[in-house]
Amino acid sequence: MAVGELSNYVTLSAVLFFLGVAGVILRRNPLVMLMGVELMLNASNLALVAFSRAWGSMVGHIFAFLVITVAAAEAAIGLAIIVVVFHRSARVDVDDVTILKG
Amino acid sequence: MLHHAVGISAHYPLLLATWLLPLAGALLLWSTGPRIQAKGAVLGTTVLGAAFVTALLSIPDALRAADGYVGAQQPLVTWLPGMSLGLLLDPLSLLWTLVITGVGFLIHVYSIGYLAGDRAIARFFAYLNFFVFAMLTLVLSDNFLGLLVGWGLVGLASYFLIGFWFEKPSAVAASRKAFVINVAGDVGIMLAIFILFAQLGTLSYGGVFAHVAQLSPSTLLAVCLFLFVGCAAKSAQVPLHTWLPDAMEGPTPVSALIHAATMVTAGVYLIARCHPLWDASPDARAFVGVVGAITALVGAILGLGQWDIKRILAYSTMSQIGYMIMGVGVGAYQAGVLHFFAHAFFKAQLFLGAGIIIHALGDEQDIRRMGGLARKMPFALLAMLTGTLAICGIFPFSGFFSKDAILYGVLEHGHPYLYFIGVLTAAITAYYMFRMLFVVFAGQARTPASVGEHAGHAHHAPAWLMQLPVALLIVPTIGIGWLAIGGEQSPWARFFEPIFGASLQPLARLGMSEATSSLVVTSVVLLGIATAFFVYATPQALRNAPERLQREGQRMPGMLTHAFYFDDALDGLFVQPTRALGRFCAATVERDVLDGGVHDITVGARWLGHFFRSFQTGFVRAYALVLALGVAAFAAYYVLVGVTR
Amino acid sequence: MITALILGPILGGLLLFALPRTADAAARACGVVLALAALVVTLTGSTLPDESIAWLQRPFIANYHVGLGQGLGFWLVALLNLCTMCAIAVIKVPRVRDFTALMLLLEGSMAGVFLARDLLVFALFWDLMLLPVFLVLIGWCGHATAAWKYLIYNVLGGLTLLLATAAFGIAAGTTDVIGHGPIPVLTPTWAAWIFAGFAFAFLVKTPVWPFHGWMPETYVELPAPMVALVSGIQSKAGLYGFLVIAWVLFAEQMHAMVPVFGSLAVIGLVYGGCMALVQSDIKRVVAYSSLSHLGLILLAIMSGQPLALQGAIVYMLAHGLFNVALFLGLGFVEVREGTRVLSRLGGLGVSNPRLAGALIFAALAALGLPGLGGFSGELLILTGLYQAGDYWQTIVALLVIIVAAAYMLRLFQGTMQGPVSDDLPQRPDLSAVEVLALIPLAAMIVLLGVNPSVLSSGVEPSNAVIHALPLQKERA
């Protein structure tokens, strides 16, 4: 893979990552935040796979699979939490959920 | 060659019996006391009688001499090399043993009468027996360690007996004071022991006295002075005497036995026993002689200001022990010991006589409320009069011989100023003793109620129980002075030849002969008596006695009523600072610094917790922002610094 | 058999829970019998061989190694079993069964400390000692402050001990070193840090001024039988550690720290004495007197002088005996009158002559009356200190003896003498069991006072452990 090609992948990955960051920080809907997180994880997956291919190492692939697994678990737990919060207060706004305040 | 304080080592069952019988009596009375009560009194007395008999039977052992070894030595246990316990009965300890058991026995008999009806009489006799055991431990020990043990135990017995009526706050306070001051004395002896053991590696009398020459003069002086701290506390020498007058809170037989005849003379015993040390240290002799003289004088002066019959006798005891200490202190050992011997009898007699009066008047001790007792209580008059004549030193009573011997001995050993103090004290003694005698016995009764014998007490112990011991004491009060007649050839001198024979000899004869000295002393004593007569016993003085005595009480200078402020000085110098230090430790160091310091650590931990808690806002998006910033920071780091690898 | 001295009380204590909850007398009897059995095993067991089972190989060698021997440990275990027996016999608290079980647990873990021949075993039993005391403080006492104070101070000490033990094992390769074997050579930096860990634990446990913050409240709050063991025997664990571990394995560091620890000891000696003089709570008086006495023993240990060390051992045993007697006596007062305030008590001696006798005996032993155990220990210590040239320490200690007489008599007279306090209940005198429980203690105190050489005759002079010490201290 040429260097220019690689930089395209990395650029796309960076754009996706910052879209995800913006989603997590700016949106108050936990579902959208979760999607932002997923976006960041997939951005990093893209970067991992791209670098892996560029340097001909399988480590990046393996790591990407690991990330996918973690992302699935994270989505499951995150959705479960959202459902519980929704049951308790009938609306979902992360700014209302402050019971972890010290 | 004479071995100081080393006896013929063997087993002496009689000696052991003398020593242990009183202990057995005490333990028996303690364990069975509440059940046998009055029988316990008889039991305790019998035990002591047996101890006296075994002591008498031990006399041949004590006097046996061979190869320069004198007396009986019984080894007991060994703690360490150089630290072992044992008993030694030689003429010196024999004399004390006989007085302790003999006079002790008479006082036991007297106590059966005096305390008849007291519900704790068995406990009283347990204490008395324990005291005799402790005192025997003190005088029979053949080493400084055992001496210290006895020294401490007599202090304890004294504590128990002063505080015998322990519901009385004054008795409780007096007993504590006596004990603490005596512990201070013990501490002095302990220091002397440390020095001796560090220097010589042994604590037995024989071992120490054989090597006195190895001690440097300053070490020797230190040893003597620390030993003397113990003597001063035990024998009520200035300024550690303040417990003795207070000790009169105890029952009168206790005052007679412990605080007159035996325990308070332990200091005299110690110096006489340790005479090789004093022989070798002129500075110690001078110091102890001066303290003894001051004590004699101070005691006599303070005796002037008392109204309590027992406190008068207490101050007179202090004064007489001052004489003894002055005698043995300057090197006139035989004279000091003779005065102890004479004093043991006449002072016990005075206290027991006073006890008869106190008992008859229903525990009245103030002489201003007595008066006119001569007709009602002729026996008490006889006892008190002979005792007073003896203490004043009137021929032919025992005090005449012993006091003269001390005073002339002081002169012989080169201390004319101490002689002067001694003579002055003799005059004051005559005055205050006869003051007491006149106020108590002469004139009209000043007691409000009509008082007969045993008026204050419901029980009726036979009168002879209290009178017989006193009568028996009168005999030696008149008799024992004669032992000392004949100078170096007197029975007294020959008895102590093995002990003091090789001790310090007096200086060259002075200008004054012993007869002249006696004449001087007798005339000043007569002057004192005459003054007392003119002040208290002329018909005119007797007519308006109550008002005169009251006026005297009001005009008494503060120096006398406060006993030269010794109590206040000791309190201000030692007691209050220690308590203040304790309060400072409790309030400042413990609470503020130590506990406060630990508390500050917990406060700090809590503050840190509060600080970190403030980061937990609970805003999920804030957390997300921090996360993002963290990622940005990482990214920025790698962009700016670059990956080095 | 030696293991039985440790496990017997611990398992026995746990088995007590099989008894019915209300079986007070049975639980007490079981406890007394177990402690008596342990005492008999100890006294007859001075020739038993050590017991050793291999335990760890990595990261360092550690064995379960216990031994009785004929040394200080032997006497302390004997004292422990005797005192536990006497203390259990007079337990008077709610839930006797549970309390007795915890007493036995404490006995077993303390036996483990004194019997351990391996540092790791020593450290583990050291921490186990905490547990029963903490549980009693939580379960039987009014407020929890004392419990937490006790726990935090002592866990901190236990933690440093454990860390130091681990570090010692790694540095030396083995922890099986107490009282036997060659002394491992450590690099100075390691040795200094490890020594600091041990020393801190010992100072807190004893306790030595100024690490005594946990002591007064713990002593005041604990019921008498437990505080008797804590003050009488547990306090010796730290001193035992100084003698048997610090002096042997870290002689160089000890020499360097002698001025510091010696000064702390002197401060504690004076401080405890003065504090005891002004306390209004009877148990606090004894707590601070204990601080003072422990300071004296530490001073003797620091001097390293043979005579003073012998005195220290005599005094450790005597202090154990009279402190147990004192606290049991004060416990009787507390149980009878429901108060510990000195100014409210008074005149108990009229109706309780036996209690008064017991208390004055213990108080006299504590103030160093000649002829009793406290005196012979004190005398040997001070003679040794004087010989070693520690003049001013000797004189300070002597002055404190006078203060001791004052506060002990204040304690005794304040409770037993003076006018009878009318507002206090009049309770019966000591029962036969209570008297019987005190008699062995009194007999031992007299024996130690009359002839302290019983400790060194037969069993070699306070013994193998002491003789292994590098005692020769350089003095100019």
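This is a predicted model: local features need pLDDT of at least 70, side-chain atom pairs count only at pLDDT 80 or more; totals for chains, interfaces and linings use all residues.
**Exercise 1. Ile301 of chain C**

Step 1. Begin with the location: Ile301(C) belongs to helix H12 of chain C, which covers residues 282-303.

Step 2. Name the partners: leaving aside residues up to four places away in sequence, Ile301(C) touches Leu239(C), Phe242(C), Leu243(C), Leu309(C) and Ala312(C).

Step 3. Take a further distance along the chain: Gly329(C) is 28 residues apart from Ile301(C) in sequence, and the C-alpha atoms of the two are separated by 29 Å.

**Exercise 2. Describing chain A**

Step 1. Chain A has three helices and zero strands, and from the N terminus on its elements follow the order α-α-α.

Step 2. For a compact globule of 102 residues the radius of gyration would be near 13 Å, whereas chain A has 17 Å. The C-alpha trace of chain A spans about 55 × 25 × 25 Å along its principal axes.

Step 3. Of the 102 residues in chain A, 17% are buried. Among contacts in chain A with a separation of 6 or more, 47% are between residues 24 or more positions apart.

**Exercise 3. Describing chain B and its helix H28**

Step 1. Chain B holds 28 helices and five strands, and its C-alpha trace extends about 120 × 65 × 55 Å along the principal axes.

Step 2. Buried residues account for 55% of the 645 residues in chain B. Of the contacts in chain B between residues at least 6 apart in sequence, 82% link residues at least 24 apart.

Step 3. Helix H28 of chain B runs over residues 620-641 and has 22 residues, so at 1.5 Å a residue it should span 32 Å. The C-alpha atoms at its ends are 31 Å apart, which agrees with that expectation.

Step 4. H28(B) is hardly covered, with one buried residue among its 22. Just after this helix, Gly642(B) adopts a positive phi of about 85°.

**Exercise 4. How the chains meet**

Step 1. Chain A and chain C do not touch, their nearest C-alpha atoms being 25 Å apart.

Step 2. The contact between chains B and C involves 37 residues from chain B and 37 residues from chain C. On the side of chain B, the elements that give two or more residues are strand S4 (72-80), helix H6 (144-162), helix H7 (169-200) and helix H27 (566-613). The most come from H7(B), which gives 13 residues.

Step 3. By class, the side of chain B that touches chain C comprises 26 nonpolar, five polar and six charged residues.

Step 4. The contact between chains A and B takes 11 residues from chain A and 10 residues from chain B. The side of chain A that touches chain B is made up of seven nonpolar, two polar and two charged residues.

Definitions and conventions. Residues are numbered from 1 along each chain as its sequence is written. Chains are lettered from A and ligands numbered from 1 in the order in which they are written. Helices (H or I, at least four residues) and strands (E, at least two) are DSSP runs, numbered from the N terminus. A residue is buried if 20 or more other C-beta atoms lie within 10 Å of its own, exposed if 12 or fewer, and partly exposed in between; C-beta atoms are placed from the backbone. Two residues are in contact if their C-beta atoms, placed from the backbone, lie within 7 Å. Ala, Val, Leu, Ile, Met, Phe, Trp, Tyr, Cys and Pro count as nonpolar, Asp, Glu, Lys and Arg as charged, and the others, Gly among them, as polar. The expected span of a helix is 1.5 Å times one less than its number of residues. The radius of gyration is taken over C-alpha atoms; the globule rule is 2.2 Å times the number of residues to the power 0.38.
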